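Subject: Structure handover

Hello,

Here is the structure I promised to pass on. Please look it over first, then read my notes below.

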Amino acid sequence: MDIRCRKTKCAYNKNFTCLAKTIHITERLYCGTFSKTDSPEPDTSRRLFEKEPVYAPFRECKTLALTCSAKCLFNDKKKCKANGITINALDEKPLCVTFLRK
């Protein structure tokens, strides 16, 4: 499962990949596992066309508990069945943008 997170000020984020052992998506589509840090936000746009951002490697889903409370097409008895999720950084709270309405 590909777990991509654009919330780079989270303690579990390493090069746009979530390293948390458990991830919970709330009923309102927010990542309930998010833990804010004071680390500086990396500026990935400065050299957007010169150098591509560094991404951490693919993460094996067998070591991850991904639960979901949203009314989503991928929610199967509180377990996410998507082949990957992306958490967006545009909001103050991290939002799951893989959501598909049931």
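One definition comes first: buried means under 20% relative accessible area, exposed means over 50%, and partly exposed lies in between (1.4 Å probe, protein chains only). Now the ground rules. This is a predicted model, in which local features need pLDDT of at least 70, side-chain atom pairs count only at pLDDT 80 or more, and totals for chains, interfaces and linings use all residues. Residues are numbered from 1 along each chain as its sequence is written, and side-chain values use heavy atoms, with hydrogens and water left out.

**Overall layout**

The protein has 9 strands and 0 helices. Helices (H or I, at least four residues) and strands (E, at least two) are DSSP runs, numbered from the N terminus. The pattern along the sequence is β-β-β-β-β-β-β-β-β. Of the 102 residues, 36% count as buried. Contact means heavy atoms within 4.5 Å. Among contacts between residues at least 6 apart in sequence, 68% join residues at least 24 apart.

**The core**

A nonpolar core is a set of buried Ala, Val, Leu, Ile, Met, Phe, Trp, Tyr and Cys residues joined through side-chain atoms within 4.5 Å. The largest one here has 19 residues. Those with the most contacts inside it are Ile3, Ile23, Ile25, Leu64, Leu66, Ile85 and Ile87. Two or more residues come from each of strand S1 (2-5), strand S4 (22-25), strand S5 (65-68) and strand S8 (84-88). In soluble globular proteins, nonpolar side chains tend to be buried together.

S4 and S5 run parallel and are joined by 4 bridges. Two strands pair if DSSP finds at least two bridges between them. Ile23 has Leu66 as its bridge partner in S5. S5 has two faces: Leu66 and Cys68 make up the covered one, Ala65 and Thr67 the uncovered one. In a regular strand the side chains alternate between the two faces of the sheet.

Thr17 sits in strand S3 (residues 17-18). Is Thr17 buried or exposed? Thr17 counts as buried because its relative accessibility is 1%. Its side chain makes a polar contact of 2.4 Å with that of Arg4. A polar contact is a pair of N or O atoms within 3.5 Å; within protein, one must be able to donate a hydrogen and the other to accept it, and residues adjacent in sequence count only if both atoms are side-chain atoms. Ile3 is 14 residues from Thr17 along the chain, yet their C-alpha atoms are separated by 5.8 Å.

Thr98 lies in the segment after strand S9 (95-96). Thr98 is buried because its relative accessibility is 17%. A polar atom of its side chain lies 2.8 Å from the backbone nitrogen of Thr86.

**Two positive phi angles**

Neither residue is a glycine. Phe16 has a positive phi of about 70°, and Lys77 one of about 55°. Phe16 is in the loop between strand S2 (13-14) and S3. Lys77 is in the loop between strand S6 (75-76) and strand S7 (79-80). At 14% relative accessibility Phe16 is buried, whereas Lys77, at 77%, is exposed.

Best wishes
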